[in-house]
Amino acid sequence: MYTQVLDPVAHSLAWSSLVAALPLLVLFVLLGALRMKAWVASLAALAVAFVIAIAVYGMPVGQSLLAGSEGAAFGFFPILWIVINAIWVYNMTVETGHFDVLRRSFTRVSDDQRIQAIIIAFSFGALMEALAGFGTPVAVTSVMLIALGFRPLKAAVLALTANTAPVAFGAMATPIITLGKVTGISTDTLGSMVGRQTPILAVFVPLVLVVIVDGRRGVRQTWPAAVVCGLAFALAQYLTSNFVSVPLTDVIAALVSAAAVVLLVRLWRPRESYTEGIAPVAAGGALDEPTPEFADRVAHPDARAEVARAYSPYAIIIAVFVLGQISVIKDALGRATQTFDWPGLHLFNAKGKPLTLPTFTLNLLTTPGTQMLIAGVLTMLALRVGVGRALRAYGVTLRQLRWAILTVMAVLALAFVMNASGQTITLGTWAAGAGGAFAVLSPILGWLGVAVTGSDTSSNSLFGALQITAANKAGLSPVLMAASNSSGGVLGKMISPQNLAIAAAAVGMDGKEGDIFRRAIMWSLIFLGGMCLLAGLQATGLLSWMVP
């Protein structure tokens with residue numbers, strides 16, 4: 001049995017926070033500054049967390065090891081279970097050649113990679129986030145961008161950057177539903193408040209994607225598409241979350257934004273078409289020397305049946321996830337869910353109340369990973385892939401993800417040890433002592449939680465109640481502070497080692513997670529600064545009218 005202590009160092013929250021932050025400092029320095037492989041950095045940070053939990057916080061060795069083992073298990077199921085099956089579906093499409101067909105089909109919508117990045121990374125990624133969440137959008141959209149000719153590093157950074165604004169409403173609004181449970185505030189009220197923060201972020205994300213693809217020239221030439229996509233998504237996200245349905249927010253916003261961009265490019269084209277590695281071509285022009293592949297594609301376009309078959313895996317994924325959200329089906333599948341306490345792990349908070357951390361949920365049929373597996377089996381039928389060929393593709397997937405699997409399990413073990421020992425709560429409680437200035441710091445707390453755990457749901461579960469306590473002490477709006485935890489958290493997703501490992505594995509950059517981190521951290525911090533400013537203004541008379 002272990003009871004948490006929040007100020008083990010000289011009974012000071014400030015000094016205790018400095019020590020509690022060491023595992024995170026080690027992780028990000030090794031990853032970003034020293035360019036160590038993610039699995040090495042994660043294991044080193046985990047070792048530091050164990051030492052601090054045992055030597056500083058007084059946590060028994062057995063309890064700390066059990067907490068780490070639960071975190072590693074959670075890292076594999078449900079998180080890696082989703083990613084493995086998502087990459088397996090992709091590998092089957094590559095094996096059969098249908099991903100090349102899909103790539104050629106996308107070029108007919110627009111052969112401009114700046115437009116493709118907006119549609120795939122942002123709109124389609126938002127749909128994947130809405131239906132599955134966790135690492136699914138990063139895994140799926142990054143490999144789609146690779147197939148369209150994007151360089152691996154750029155594809156990974158685009159997928160991570162796009163996976164921000166939709167995250168709070170991801171997995172059918174699971175983060176907000178969780179936040180409602182831990183704070184006692186209505187899910188509809190919290191959804192309305194988040195829907196008055198993340199849409200502002202959504203307006204700018206497509207523009208940043210264009211900057212990542214083609215810099216200032218990209219913004220000058222394709223800003224109409226980026227603005228139309230961002231505004232369409234933002235407006236749909238706001239209206240749906242406030243007046244229609246919180247769980248359906250990202251589904252509707254993703255479809256509306258994609259439709260808006262597709263409609264726009266039918267009526268308007270950029271002055272030049274941009275493809276990486278090829279000189280820009282004026283609209284309506286042609287390359288001086290078309291590549292053999294380009295010439296062959298023009299002379300022999302893919303048959304409609306093959307194009308439909310190439311799109312079928314993603315149509316199947318969407319159909320399976322949508323069906324899985326129907327109440328009757330969801331309830332039936334939920335009967336197989338088992339909830340149990342992690343054997344031997346007994347944790348209490350500083351007030352002596354039992355923690356929910358040891359409770360492990362084994363949702364075998366309702367988890368997105370199992371639904372992705374079902375979609376994979378149906379994809380086998382649609383693409384006419386035999387059992388032997390599909391199993392070989394699964395083996396290839398496991399080998400491809402072996403280091404990502406180790407990284408994610410180590411990172412989640414780190415998160416659970418920090419949470420169980422009280423290191424994370426120490427950091428949060430110290431930040432909550434900032435008084436009125438906490439309005440600006442609130443999103444940082446959410447950002448920190450997601451950076452550690454890789455999940456907005458986990459961050460809301462961890463810091464939601466703390467946000468309410470801090471808000472009441474400082475005379476701030478509890479609704480605003482709780483929502484800011486979730487809205488700030490979405491910006492930690494793009495630098496979470498868990499997501500970095502998934503992105504690196506998907507684009508074939510195992511061991512180069514540090515390179516991806518250095519490209520993504522700048523945008524994460526810029527967006528976080530904007531969210532802090534927005535939350536601070538919403539706590540004042542200037543924008544307080546935005547708080548429901």
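The following dialogue concerns selected features of a predicted model.

Tutor: In this predicted model, local features need pLDDT of at least 70 and side-chain atom pairs count only at pLDDT 80 or more, whereas totals for chains, interfaces and linings use all residues. Residues are numbered from 1 along each chain as its sequence is written, and side-chain values use heavy atoms, with hydrogens and water left out.

Student: How many disulfides does the structure hold?

Tutor: The structure holds zero disulfides; a disulfide is a pair of cysteine sulfur atoms within 2.5 Å.

Student: What makes Leu25 count as buried or exposed?

Tutor: Its relative accessibility is 52%, and therefore Leu25 counts as exposed. Leu25 lies in helix α2; helices (H or I, at least four residues) are DSSP runs, numbered from the N terminus.

Student: What is the place of α6, enclosed or open?

Tutor: Because 19 of the 19 residues of α6 are buried, this helix is largely enclosed by the rest of the structure.

Student: How is the span of helix α6 set against the expected one?

Tutor: The expected span is 1.5 Å times one less than the number of residues. Helix α6 (residues 113-131) has 19 residues and reaches 25 Å from its first C-alpha to its last, close to the 27 Å expected.

Conventions. Helix = DSSP H or I, 4+ residues; strand = E, 2+ residues; numbered from the N terminus. Buried < 20%, exposed > 50% of the residue type's maximum accessible area, 1.4 Å probe, protein only.
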